[in-house]
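Hi,

Here is the structure I promised to pass on to you. Please have a look at it first, and then read my notes below.

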Amino acid sequence: MRTPRGELVWVVTRHEDARAVLTDLRFSSDPRTPGYPSYISGDTPIPPGFFLNQDAPDHTRLRRLVTREFLITQMEAKRPRMKAILDDLLEAMVARGNSADLVRELAFPMAATVMCELLDVPYEDHHIFVTLTDVILDRSSTPEQAGNAARDLMAYFDEVVTAREQRPTDDMLGRLVAHEEADRLSHDEFVGLAALLMLSGYDTMAQMIGLGTATLLEHPAQLADLRADPSLYPQAIEELLRYLSINHAGLPRAATEDLTLSGQRIRAGDGLLVMINEANRDATVFEEPDTFDIHRKDPQAHVAFGHGFHKCIGLTLARVELSTVFAGLFEKVPTLRLDSSLEDLPFRHDMVLYGVRALPVTW
């Protein structure tokens with residue numbers, strides 16, 4: 001297929017092939033690699049520190065600096081604070097009446113507050129990175145618009161990092177200052193890493209909260225099962241991740257040497273897009289893959305977080321946050337229902353990350 005930038009690339013859709021590409025070092029994640037494709041029209045350079053788009057050894061070095069920040073015990077320890085944030089948002093939402101836009105009043109403020117507190121970034125600034133990120137990830141943005149937004153975004157995080165360097169604090173970014181002082185991290189990498197952590201943590205969660213709520217409301221029998229037995233939530237979250245797969249633009253890779261993938265010859269310099277949404281609907285792995293089923297035997301076989309070396313570092317944070325939100329939402333507002341047909345919802349077809357722009361609900 002051709003990308004929005006006009007490149008001819010291979011599209012990887014099978015679950016087995018997706019896992020194979022994502023664990024094979026002959027496929028590069030570095031945009032500087034010949035043949036590396038893009039799912040947007042522009043050519044915005046990847047900032048230093050974006051280890052998501054780097055190969056070893058830089059990827060390994062930078063990822064290792066933050067791995068300990070996302071351990072299961074540490075993320076679970078944050079659950080009570082997440083619950084408190086959620087409760088405040090729900091109380092305010094219910095106090096305003098019996099209808100709301102769940103995206104505006106819950107999904108975005110919840111996701112942004114969690115990440116702002118995790119990185120100790122002022123919540124009052126969230127509109128800055130929300131607005132600029134939307135421009136960058138909007139596939140209808142011109143290359144010039146995307147480039148300007150990326151520069152403004154990195155300038156903001158440069159200010160955040162510089163302030164933290166001048167006055168280190170006991171939080172994730174404060175601990176990264178120590179790594180910088182030990183020459184394990186440059187200033188520019190620090191800036192890019194801070195931006196990556198924020199951007200990969202808030203928009204993904206906001207879209208999953210919106211889409212996940214709509215999906216559960218469209219399956220009232222399964223929602224009733226969840227409310228009757230909250231122990232089902234971990235499995236339900238895995239099924240939501242599989243079923244929704246908000247990355248619908250693909251994970252880009254470039255072959256660095258000639259090889260064969262499932263009988264298909266791939267040449268050095270060929271670009272590939274690994275479609276994890278397609279892999280998560282592979283009927284050879286998931287029975288009736290287009291059916292949402294919280295009782296599915298093996299939903300955790302999904303690749304919604306990627307696979308292999310670049311698997312999402314924040315997957316535990318995502319699981320804790322999503323289970324906290326859905327359990328709390330339907331406990332607080334048990335009569336919640338959609339205030340619009342599913343077909344009329346404004347889905348984000350034009351964005352790199354799928355989701356809904358608004359989710360009208362009532363109770």
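In what sense do E3 and strand E9 (residues 360-362) pair, and over how many bridges? They run antiparallel, with three bridges between them. Before I go further, please keep in mind that this is a predicted model.

**The three-strand sheet**

E3 and E9 belong to an open sheet of three strands, ordered E3-E9-E8, and its pairing is antiparallel. Strand E3 (99-101) and strand E8 (337-338) are at the edges; each has a single partner strand, so one side of each has no neighbour in the sheet.

**The four-strand sheet**

The other sheet I looked at is also open. Its four strands come in the order E1-E7-E4-E2, and here the pairing is mixed. Strand E1 (10-12) and strand E2 (27-28) take the edge positions, each with a single partner strand, so one side of each is left without a neighbour in the sheet.

Strand E4 (residues 251-255) is joined to E2 by two bridges, and these two strands run antiparallel. Within that pairing, Ser28 stands opposite Ala254 of E4. E4 also pairs with E7, again in the antiparallel sense, over four bridges. There, Pro252 has Leu273 in E7 as its bridge partner.

Is E4 mostly covered or open? It is mostly covered, as five of its five residues are buried. This holds for both faces of the strand: Leu251, Arg253 and Ala255 are buried on one side, and Pro252 and Ala254 are buried on the other.

Lastly, helix H1 (residues 15-22) lies across E1, E2, E4 and strand E7 (271-274). H1 runs at about 125° to E7.

Best wishes

Conventions: Residues are numbered from 1 along each chain as its sequence is written. This is a predicted model: local features need pLDDT of at least 70, side-chain atom pairs count only at pLDDT 80 or more; totals for chains, interfaces and linings use all residues. Side-chain values use heavy atoms; hydrogens and water are left out. Two strands pair if DSSP finds at least two bridges between them. Contact means heavy atoms within 4.5 Å. Axes are lines fitted to C-alpha atoms, for helices over the stretch in contact, and angles run from 0 to 180 degrees between N-to-C directions. Buried means under 20% relative accessible area, exposed over 50%, partly exposed in between (1.4 Å probe, protein chains only).
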